Amino acid sequence: MPDFNGHAFTTLAKRGLKVAHPELTFATADHSVSTDPRDADPKQLQNPFVIALREGTAQHGITMFDIGEIGHGIVHIITPELGIALPGLTVAIGDSHTTTNGALGALAWGVGQGEIAHILATQTCVVRKPRSMRVTLDGPLPAGTSSKDLILHVIRTAGVSAGNGHAVEYAGSAIRALPMEARFTVCNMSAEWGARYGLIAPDDETFEWLAGRRYAPKGAMWDAAVADWRTLPSPDDATFDTDIRIDVRALGPQVTWGNSLDAVLAIDERVPDPDREPDAARRTAMRAALDYMDLTPGVPIEGLPIDRVFIGSCTNSRLDDLRAAANVIRGQKVHERVRAWVVPGSEQVKRDAEAEGLHEIFRNAGFEWRAPGCSMCLGANGDTVATGQRAISTANRNFVGRQGPGSRTHIASPELAAASAIAGAIADPRKRGALV
Amino acid sequence: MNALVTLDGSAAPLFEADVNTDTIAPLYRESKGGAAKAGERTQDELAHNLFRNRRFDDAGNELPFILNQRPFRNAQFLIGGPNFACGSSRETAATMLAAFGIRCVIAPSIAGIFFDNCFRNGMLPLTLEQGVVEDLARQAANGAAFKLDIASGILTPPQSAPIAFTLPAFRREALLTGADEIAVTLTRSADIAAYRTHVRCERPWEVSL
């Protein structure tokens, strides 16, 4: 349960209901919390969403990972990090990016607040059986290309509604070769093309990543679990309602230009021309997006000046993401026009990054090193981009007003965001010595 | 929840692709510590904030958005485009539509979380063929009344033939009676307990954290 789910406790209280399985329920405050390390209320004792979550979890005996504790962070970062989500489990969270957990081979889906109350009271959820889809990605990905580029390319290719009504399994050699943390980024973005579930079959990489985590099984129970998890993957001859295949062996860095997640360009492409779009409705939408984003058709996307950089969110705020970004900027300075932030996904990520000295690399370059939370992904906590400013964000949505009224958001990988912070403009991380 | 038995009223045509829940239910971005809890908002406040940034300018003046036009101020239906209500899981997208008076959303495709949230807010989400929805949007343009009857499963447009739809029985019952979904599920507590016992034996790591 993230903080915006706290209202579910009010629903329970009105009906005099108890939480059916508090031992299987966890909470963290992420959407509304301050990420400002100098905030006058660092524990958010005055934040009504956090207060509601603290009171509700305490009353019902639910574990809440509070601000500053190991375990606290963005809900989709901590559920895998703590081993709460496991292969084969059903995981429901009141947030659309719950699909992130599917990278472990869990069946994980986002629900509304009313559903959270139902789950708390009954530990069940009424669902329709989804259609099945397999997306086979033939790799390997080229060096300098990340899993964020991969999923942006998938959404551009398939379209933003292609996943509607589907559970999507990401498969193929490009997926198999991805380290665990990069797989979370792929499944995270499932919601952005309509998929209610996004899955990757668990394998040795999954099991090694999970072993020893706080709530993962231990000893003989772990061995029994792994034996069971090895039976989860779809057989090679499995059939799907929809089966698509995409070759990503020549893929480079990607960045969005418009206000939907299929408005994607490779870094060496130009802003599209609506006059070349045959579909009238799409043409109208493109013109509106070009206007909102203040872009001219035919202009190269690389080199477009930017004001803000946000490295964070449930999509890209894990340790590997921060390492990748730090690699790009090491020893360089953020462009004078740019205000750049790094918001680690969890307290654990923050401490691990600090133990490696990543925070010093960022600070020395001129980045702000902040406290964990959703932050500038949606700006619900006041972390926003000013009207008319252009931002590179490693989050997941580029909708109109997403980062604040009049904000202009380009979604990209941590590597591209980091390179752009240095250049002061949308930049190709491969030209800045990014190592993958 | 509020029961939904019949509707008889205008249908606001908003046939745009990919209208997201950020647009339908904009976030309240109050100063720190001042954010209101969703459950404490009044019906008027919820209705006012529906499509707020498309209905009002920064000074609060009305913009020429469809819901500000006369026949649609009391709309009971909304006719949306493909991938309606994509994006975040925020239930306020459904709550605000219901508070405004819109109890039925018709579109060629509707995002999954919003689709489920509709039922919990006493609303019917209805997906129909794109060509049919485009035709309904045309029929709706002058504010003519559409009729909906949940019991018989019939949508009656102003000009074309009635359209039959089917709902899962429990969804239909819940809409007609305004049933409390939690109470309905709790009548099956014995089945749920039996399943948990089964899991505890077969896959104990799933329930013994």
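**View 1. Chain A as a whole.** A compact globule of 436 residues would have a radius of gyration near 22 Å, and chain A agrees because its value is 21 Å. The radius of gyration is taken over C-alpha atoms, and the globule rule is 2.2 Å times the number of residues to the power 0.38. Everything shown here is a predicted model: local features need pLDDT of at least 70, side-chain atom pairs count only at pLDDT 80 or more, and totals for chains, interfaces and linings use all residues. Residues are numbered from 1 along each chain as its sequence is written, while chains are lettered from A and ligands numbered from 1 in the order in which they are written. Along the principal axes, the C-alpha atoms of chain A fill a box of roughly 60 × 60 × 45 Å. Chain A contains 14 helices and 15 strands; helices (H or I, at least four residues) and strands (E, at least two) are DSSP runs, numbered from the N terminus. Of its 436 residues, 60% are buried. Here a residue is buried if 20 or more other C-beta atoms lie within 10 Å of its own, exposed if 12 or fewer, and partly exposed in between, with C-beta atoms placed from the backbone. Among contacts in chain A between residues at least 6 apart in sequence, 75% link residues at least 24 apart. Two residues are in contact if their C-beta atoms, placed from the backbone, lie within 7 Å.

View 2. Chain A splits into domain 1 (3-97 + 106-122), domain 2 (131-247) and domain 3 (254-432), with bounds that come from an automatic or database domain assignment. Taken over C-alpha atoms, the centres of domain 1 and domain 2 of chain A are 25 Å apart. Their contact takes 14 residues from domain 1 and 15 residues from domain 2. On the domain 1 side, α3 (75-81) and β4 (107-110) of chain A are the elements that give two or more residues. The largest share of that side, four residues, comes from β4(A). By class, the domain 1 side has eight nonpolar, six polar and no charged residues. Ala, Val, Leu, Ile, Met, Phe, Trp, Tyr, Cys and Pro count as nonpolar, Asp, Glu, Lys and Arg as charged, and the others, Gly among them, as polar.

**View 3. An open sheet in chain A.** Four strands with parallel pairing line up in the order β7-β6-β5-β8 (chain A). Strands pair if DSSP finds at least two bridges between them. At the edges stand β7 (197-199) and β8 (242-247) of chain A, each with a single partner strand, so one side of each has no neighbour in the sheet. From one strand to the next, the twist averages 20°. Zoom in on strand β5 (residues 131-138) of chain A, and you will find six bridges joining it to β8(A), with the two running parallel. Leu137(A) sits opposite Ile246(A) in β8(A).

**View 4. Helix α12 of chain A and its neighbours.** Helix α12 (residues 347-356) of chain A has Glu347(A), Gln348(A), Val349(A), Lys350(A) and Ala353(A) buried. The buried residues of α12(A) pack against α3, α11 (319-329) and α13 (358-365) of chain A.

**View 5. The meeting of chains A and B.** In this contact, 52 residues of chain A face 41 residues of chain B. On the chain A side, the elements that give two or more residues are α1 (7-15), α2 (48-60), α4 (113-122), α9 (219-229) and α10 (280-293) of chain A. α4(A) gives the most, with seven residues. The chain A side has 20 nonpolar, 24 polar and eight charged residues.

View 6. Chain B has nine helices and seven strands, and 43% of its 209 residues count as buried. Its domain assignment gives domain 1 (6-167) and domain 2 (179-209), with centres 35 Å apart over C-alpha atoms. Strand β3 (residues 104-107) of chain B is covered on both faces: Cys104(B) and Ile106(B) are buried on one side, and Val105(B) and Ala107(B) are buried on the other. Three bridges join β3(B) to strand β2 (residues 77-80) of chain B, and the two run parallel. Phe77(B) lies opposite Cys104(B) in β3(B).

Definitions and conventions:
Axes fitted to C-alpha atoms, helices over the stretch in contact; angles between N-to-C directions.
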